[in-house]
Amino acid sequence: MARVLRGLAENKVFDYFEDLTQIPRPSYQEKAVSDYLVAFAKEHGFEYYQDQYYNVIIIREASEGYEDVSPIILQGHMDMVCEKTHDCLKDMEKEGLDLYLDGDFIRARGTTLGGDDGIAVAYALAILDDDSLKHPRLEFVCTTAEETGMDGAFGIDVSMLKGHKLLNIDSEEEGVILASCAGGCKAEIHMDTERAQAAGECLALKLTGLTGGHSGVEIHKGRANGIHLLARVLLAASKKMELRLITMSGGSKNNAIPNRAAAQVLIPAGQQAAFAALVEEQIKGAQSEYMVTDPDLTANVCESDSSLAPLTLTASKRVLALILAEPNGVQRMSTDIEGLTETSLNLGICDLDEKGLYMNYAVRTSVASALEPLTDKMVLIAQSLGARADISGRYPAWEYVRESALRQDMASIYREMFGEELRIEAIHAGVECGILAGKIDHLDAISMGPNIYDIHTPQEHLSVSSSKRMYDFIVRVIACRD
């Protein structure tokens, strides 16, 4: 297979990045990429650790003359969000990505690119592989299942680390470093459903073309949630005719805003044209409502068939009521930091099948006291409609530290290199710094990265020039003797 990114830089960043794009690495399926990192460590004779979660730590000792300089921890995660366009046939659990260059950007045809967080892994490997660099002890910590609850970071043993300065390379705006992030949890809702044979026409309704996006970075942009919109359309139709749900699905990751959703329904015989007209009316309204955020929204109604009996009318109404009654989206904006989302949640996965209804939410907040009232609300709504809500995977917010030598050094180096001030911000999305700060005493951490656009959507693209600049910046930070 021809290499698409070869020769883009003197260092090996893009060689390693391309390697990673050819290794399928959805969350909880990271063994292959984890073994790739172990093979790299063995080949170079580096100390390494691989645990039962497939987290990997690789250590390179200090260069001559840097033995007394404080070690640096480089940190990222190896899993990626696997999203694709509705017409893409690629199996992202088994196949590598189809890369291409579009001017200054690296893209993948029909799928997410995995810049989050493949670029962190590529940076670390290129730095570890460069014998010309002068550096202190380098400790590369690469975790798993970050995109689905930070399971790897929770489980990793970091007792072998000596560093107290951490460069987390998991944000996506050049010239901005993060010094704080939201905490949160996962909420899963289960509802048993009743089915019964009934006569009528089986139809399929599919919503496609939604923009989607990252539920932390882009939840405030008002993009449509495919699952919610589908339920809204079906509820409107159920007010005009008897409508029984058969199946319903949408989304694949709880932290990605669903960009498509589908359902099978049973309606009375002879009502197909009326159902299509009702859907068209609802979609026209939604297209007007979301013309800026989701300009490519489309809906399709077609005949279908199913071996499953439909839900009863009562069960169908309960399912739609639960989806629409549970909170979703931004709940509160920060009153301290303008433009920052304080509390939100995202319905990222919905499945209605023979087992019942399953929904999975990513819940986020930068205010610890706001989490329990929101999850309590979810539990109460679920219980009122005969469902149950399970709250798990709580992770702490990464709190802002006023005094940071690492942040100060980075701001000075950035100003010297680029003649601009480094912006220091907080983010609503979660990064692993908060979890690692709970494992490493007196950790001085920041999060940074190059420009990555449309993250977690099939339009995701990574800037080549920005990636080069941020690599050079990291190298300078590593070489700093302070």
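Colleague: I would like to start with one residue pair. Which residue stands opposite Ile-452?

Modeller: Ile-452 faces Leu-462, which belongs to strand E23. Keep in mind that this is a predicted model.

Colleague: And how do strands E22 and E23 pair, parallel or antiparallel?

Modeller: E22 and E23, the latter covering residues 461-463, are antiparallel partners joined over two bridges.

Colleague: What is the strand order in the sheet that holds them?

Modeller: The order is E4-E5-E23-E22, an open sheet of four strands with antiparallel pairing. Strand E4 (99-102) and strand E22 (452-453) are the edge strands, as each pairs on one side only.

Colleague: Which helix packs on that sheet?

Modeller: That is helix H11, residues 464-479. H11 touches E4, strand E5 (105-108) and E23, and its direction makes about 55° with that of E23.

Colleague: Now I would like to read a helix pair. What describes two packed helices?

Modeller: Two packed helices are described by the angle between their axes and by the distance between the axes. Take helix H1 (residues 13-21) and helix H2 (residues 31-44): their axes come within 10 Å and cross at roughly 145°. The crossing of H1 and H2 is right-handed.

Colleague: Which residues make the contact between H1 and H2?

Modeller: From H1 come Tyr-16, Asp-19 and Leu-20, while H2 brings Val-33, Tyr-36, Phe-40 and His-44. Sorted by class, the contact of H1 with H2 has five nonpolar residues, one polar and one charged.

Colleague: Let us turn to another strand. How many residues of strand E8 are buried?

Modeller: Six of the six residues in E8, which spans 176-181, are buried, so to read this you need the cut-off: buried means under 20% relative accessible area. E8 also has a parallel partner, strand E20 (residues 423-427), with five bridges joining them. In this pair, Cys-181 stands opposite Ile-427 of E20.

Colleague: Stepping back, how many helices and strands does the protein chain have?

Modeller: The protein chain has eleven helices and 23 strands. Its radius of gyration is 24 Å, close to the 23 Å that the globule rule gives for 482 residues, so the chain is as compact as a globular protein of that length. The C-alpha trace spans about 80 × 50 × 40 Å along its principal axes.

Colleague: What share of the residues is buried?

Modeller: Buried residues make up 57% of the 482 residues in the protein chain. As for contacts with a separation of 6 or more, 78% of them are between residues 24 or more positions apart.

Definitions and conventions. Residues are numbered from 1 along each chain as its sequence is written. This is a predicted model: local features need pLDDT of at least 70, side-chain atom pairs count only at pLDDT 80 or more; totals for chains, interfaces and linings use all residues. Side-chain values use heavy atoms; hydrogens and water are left out. Two strands pair if DSSP finds at least two bridges between them. Contact means heavy atoms within 4.5 Å. Axes are lines fitted to C-alpha atoms, for helices over the stretch in contact, and angles run from 0 to 180 degrees between N-to-C directions. A crossing is left-handed if the near helix is turned anticlockwise from the far one by less than a right angle, and right-handed if clockwise. Ala, Val, Leu, Ile, Met, Phe, Trp, Tyr, Cys and Pro count as nonpolar, Asp, Glu, Lys and Arg as charged, and the others, Gly among them, as polar. The radius of gyration is taken over C-alpha atoms; the globule rule is 2.2 Å times the number of residues to the power 0.38. Buried means under 20% relative accessible area, exposed over 50%, partly exposed in between (1.4 Å probe, protein chains only).
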